[in-house]
Amino acid sequence: MDIFFDAIYLLTSADNELLIIVGLSLWVSLIAVLIATLIGMPLGAASALFKFPGRKILIVILNALMGLPPVVVGLFVYMLLSRSGPFGVLGLLFSPTAMIIAQTILVIPIISALSRQIIDDLWAEYAEQLISLGASPIRRMMTLLWDGRFSLLTAVLAGFGRATAEVGAVMIVGGNIDHVTRVMTTSITLEVSKGNLALALGLGIVLITLSLSINAAAFLLKEAAENRQV
């Protein structure tokens, strides 16, 4: 109970170290999800609407990559950004940028696969109407993306939840450097090993609060979408 109250005190007193860690975590995750959305959502919509060679293989790969082990992604990005790697000259390893790259790779399959399923369901419902109106393929995709915006936001929130909870990949490519690449998940791991359970618990409470907020937002958005359709 003493540790719990110490954690609450850190949260209510706006502890500077805790705020820095939380702020970096949110910034890295938000940027990664934004990039993943810009790439993954059109990719998912295109795989649902367009017929092209390798389409089914792409769908299978996207679905399989939803369960991609984070440490494998971290290793892959580490090899690319290390000094002996093809992008080592950029000096991005052990920086927030490297963490963003790793999280983006992890989130893209989630947003793409969920977006494909949503657009595929909408296409089955509106296909005849859009074809009869003579809408071009791009116009069809943009129309369905707009019509399914509430459901698609749940896909984005799912990706954000994956990003904020990630620890393996960001630990490998970020290095868990204090005030540079130390985020909530890596900080919890470190503080537990040091015995600083109050800070670890405080960060855990923030993570749980974020998770509950994300799930509540996804539920409300789904309800709003269903009510709109009714």
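Helix α2 (16-49) gives the largest share of the lining of the largest cavity, three residues. This is a predicted model, in which local features need pLDDT of at least 70, side-chain atom pairs count only at pLDDT 80 or more, and totals for chains, interfaces and linings use all residues. Residues are numbered from 1 along each chain as its sequence is written, and side-chain values use heavy atoms, with hydrogens and water left out.

**Overall build**

- The chain has 10 helices and zero strands. Helices (H or I, at least four residues) and strands (E, at least two) are DSSP runs, numbered from the N terminus.
- Read from the N terminus, the order of elements is α-α-α-α-α-α-α-α-α-α.
- The C-alpha trace spans about 65 × 50 × 25 Å along its principal axes.
- Of the 230 residues in the chain, 43% are buried. Buried means under 20% relative accessible area, exposed over 50%, and partly exposed in between (1.4 Å probe, protein chains only).
- Among contacts with a separation of 6 or more, 73% join residues 24 or more positions apart. A contact means heavy atoms within 4.5 Å.

**The largest cavity**

- The structure holds one cavity of 30 Å³ or more. A cavity is a set of points, on a 1 Å grid over the protein atoms alone, where a 1.4 Å probe fits but cannot get out; lining residues have an atom within 4 Å of a point.
- The lining consists of S25, V28, S29, Q103, A163, T164, E166, V183, M184 and T185.
- At least two lining residues come from each of α2, α7 (149-165) and α9.
- Sorted by class, the lining has four nonpolar, five polar and one charged residues. Ala, Val, Leu, Ile, Met, Phe, Trp, Tyr, Cys and Pro count as nonpolar, Asp, Glu, Lys and Arg as charged, and the others, Gly among them, as polar.

**V183 and helix α9**

- V183, one of the lining residues, sits in the loop between α8 (168-174) and α9 (184-194).
- V183 has a relative accessible area of 5%, so V183 is buried.
- V183 touches I21, L24, S25, M99 and V170, not counting residues up to four places away in sequence.
- V183 and I21 are 162 residues apart along the chain, yet their C-alpha atoms are separated by 5.1 Å.
- In α9, the buried residues are M184, T185, T186, S187 and E191.
- Just after α9, G195 takes a positive phi of about 90°.

**Nonpolar cores**

- The largest nonpolar core has 26 residues; M41, L49, I119, W123, L144, L145 and L152 touch the most other members. Such a core is a set of buried Ala, Val, Leu, Ile, Met, Phe, Trp, Tyr and Cys residues joined through side-chain atoms within 4.5 Å.
- Two or more residues of this core come from each of α2, α5 (96-132), α6 (137-147), α7 and α10 (197-229).
- α5 gives the largest share of this core, nine residues.
- A second, separate core holds 17 residues, including L24, V28, A102 and L106.
- M41 is in contact with A36, I111, S115, L145, L152 and V156, leaving aside its neighbours within four places in sequence.

**Salt bridges**

- The whole structure has two salt bridges. A salt bridge is a side-chain nitrogen of Lys or Arg within 4 Å of a carboxyl oxygen of Asp or Glu.
- R182 pairs with D178, and their closest N and O atoms are 3.6 Å apart.
- R182 counts as buried because its relative accessibility is 12%. D178, at 38%, counts as partly exposed.
- E191 pairs with K194 at 3.7 Å, N to O. Both residues lie in helix α9, three residues apart, about one turn of the helix.
- E191 is buried, with a relative accessible area of 1%. K194 counts as exposed, at 55% relative accessibility.

- F4 is found in helix α1 (residues 2-12).
- F4 has 38% relative accessibility, so F4 counts as partly exposed.
- F4 is in contact with L201 and I205, leaving aside its neighbours within four places in sequence.

How values were computed
On a 1 Å grid over the protein atoms alone, a cavity is a set of points where a 1.4 Å probe fits but cannot get out, and a pocket is an open set with protein on both sides within 12 Å along at least five of seven lines; lining residues have an atom within 4 Å of a point. Grid points are joined across faces, edges and corners, and a volume is the space filled by probe spheres set on the points.
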